[in-house]
Amino acid sequence: MTTPFSRIGGKKRTDGVSADRLPPGQYIPRGWPVLHYGPVPKFKPDSWDFKVFGGTATGEERRWTWADFGRLPRAEVNADFHCVTKFSILDSTWRGVSASTLLSLAPPSDAVTHVMVWAEYGYSANLTLADFASTGTMFVTHKDGEPLTAEHGFPLRLVVPHLYAWKGPKWARGVEYLTEDRRGFWEERGYHNRADPWLEQRYSYQEAPGDGPEL
Ligand SMILES: Nc1nc2c(c(=O)[nH]1)N[C@H]1C(S)=C(S)[C@@H](COP(=O)(O)O)O[C@H]1N2
Ligand SMILES: [Mo]
């Protein structure tokens with residue numbers, strides 16, 4: 001059975017998608033909207049690097065140039081994408097480097113509980129280590145076989161399919177291992193620290209004690 005539940009401009013659309021595929025309050029837009037704060041950065045392959053730092057097991061920072069990063073093992077995941085502004089993109093094939101691959105190449109110390117993923121211009125998003133290590137979490141270069149466009153995060157963005165999409169920085173440049181939770185860019189600005197779309201964890205005022213650090 002399919003349910004007509006997505007709307008555009010007040011007009012009902014039947015998408016042939018069963019209702020349990022969409023988290024509460026979400027709809028399927030036409031196309032893939034572009035949404036971010038600030039300008040689109042220019043990719044500079046010569047100076048681009050990706051760093052894992054903070055609470056690494058060795059205490060050392062790990063750094064990859066663009067060429068080094070290109071040699072990391074690739075993986076693919078089929079997953080959905082849910083923005084807190086209520087659009088959802090279903091069934092994308094994401095290709096890239098799994099967060100779990102980075103965790104095994106640059107292991108965190110036993111004290112690490114959270115990560116901060118950093119992007120160009122200081123954008124950041126915090127995740128529990130468990131959410132970061134989860135199978136679907138991936139630094140992606142391609143969607144549905146096509147390289148990401150600049151607006152969608154080229155050359156590299158994080159995708160965390162089981163959380164609202166702001167947890168996936170476009171133009172990602174690194175990961176900081178944290179020994180306690182710290183709020184990222186939107187989590188400091190009124191958005192929920194955990195961001196589970198199935199629980200509609202949209203705003204920080206919905207947080208229960210223990211969901212995040214004091215604001
Ligand atoms: N660097 C950066 N990444 C970002 C954002 C941003 O403002 N800056 N916005 C996030 C939000 S709120 C969403 S919904 C998705 C949107 O991705 P898209 O533009 O590819 O649809 O990017 C996320 N990643
Ligand atoms: Mo978003």
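This is a predicted model: local features need pLDDT of at least 70, side-chain atom pairs count only at pLDDT 80 or more; totals for chains, interfaces and linings use all residues.
Q: Which residues come nearest to ligand 1?
A: A residue is near a molecule if one of its heavy atoms lies within 4 Å of it. Around ligand 1 there are 19 residues. Pro-33, Tyr-37, His-152, Arg-157 and Lys-170 come nearest. By class, 14 of the shell are nonpolar, three polar and two charged. Here Ala, Val, Leu, Ile, Met, Phe, Trp, Tyr, Cys and Pro count as nonpolar; Asp, Glu, Lys and Arg count as charged; the others, Gly among them, count as polar.

Q: Which polar side-chain atoms lie by the oxygen atoms of ligand 1?
A: Look for a polar contact, a pair of N or O atoms within 3.5 Å. Lys-170 has a polar side-chain atom 2.5 Å from a ligand 1 oxygen. For Arg-157, a side-chain N or O atom is 2.6 Å from an oxygen of ligand 1. For Trp-32, a polar side-chain atom lies 3.1 Å from a ligand 1 oxygen.

Q: How much of the accessible area of ligand 1 does the protein cover?
A: On its own, ligand 1 has 530 Å² of accessible area, and the protein covers 97% of that. The areas come from the Shrake-Rupley method with a 1.4 Å probe.

Q: Which space does ligand 1 take?
A: Pockets are found on a 1 Å grid over the protein atoms alone: a pocket is an open set of points with protein on both sides within 12 Å along at least five of seven lines, a cavity is a set where a 1.4 Å probe fits but cannot get out, and lining residues have an atom within 4 Å of a point. Ligand 1 takes the space of the largest pocket. About 480 Å³ of space lies there. The lining has 28 residues, with Leu-35, His-36, Tyr-37, Tyr-123 and Trp-186 nearest the centre.

Q: What lines the second largest pocket?
A: Its lining residues include Lys-42, Trp-48, Phe-154 and Pro-155. This pocket holds about 160 Å³ of space. Seven lining residues are nonpolar, one is polar and four are charged.

Q: How many cavities of 30 Å³ or more are there?
A: There is one. The largest cavity holds about 50 Å³ of space. Its lining includes Asp-80, His-82, Arg-157 and Tyr-164.

Q: Which peptide bond is cis?
A: Read omega here. The bond joining Phe-154 and Pro-155 is cis, with omega about 10°.

Q: Which residue has a positive phi although it is not a glycine?
A: Asp-91, with a phi of about 60°. Asp-91 is found in strand E6 (residues 88-98). Strands are DSSP runs of at least two residues, numbered from the N terminus.

How values were computed. Residues are numbered from 1 along each chain as its sequence is written. Chains are lettered from A and ligands numbered from 1 in the order in which they are written. Side-chain values use heavy atoms; hydrogens and water are left out. A polar contact is a pair of N or O atoms within 3.5 Å; within protein, one must be able to donate a hydrogen and the other to accept it, and residues adjacent in sequence count only if both atoms are side-chain atoms. A molecule sits in a cavity or pocket if more than half of its atoms lie within 2 Å of its grid points. Grid points are joined across faces, edges and corners, and a volume is the space filled by probe spheres set on the points. Helices (H or I, at least four residues) and strands (E, at least two) are DSSP runs, numbered from the N terminus.
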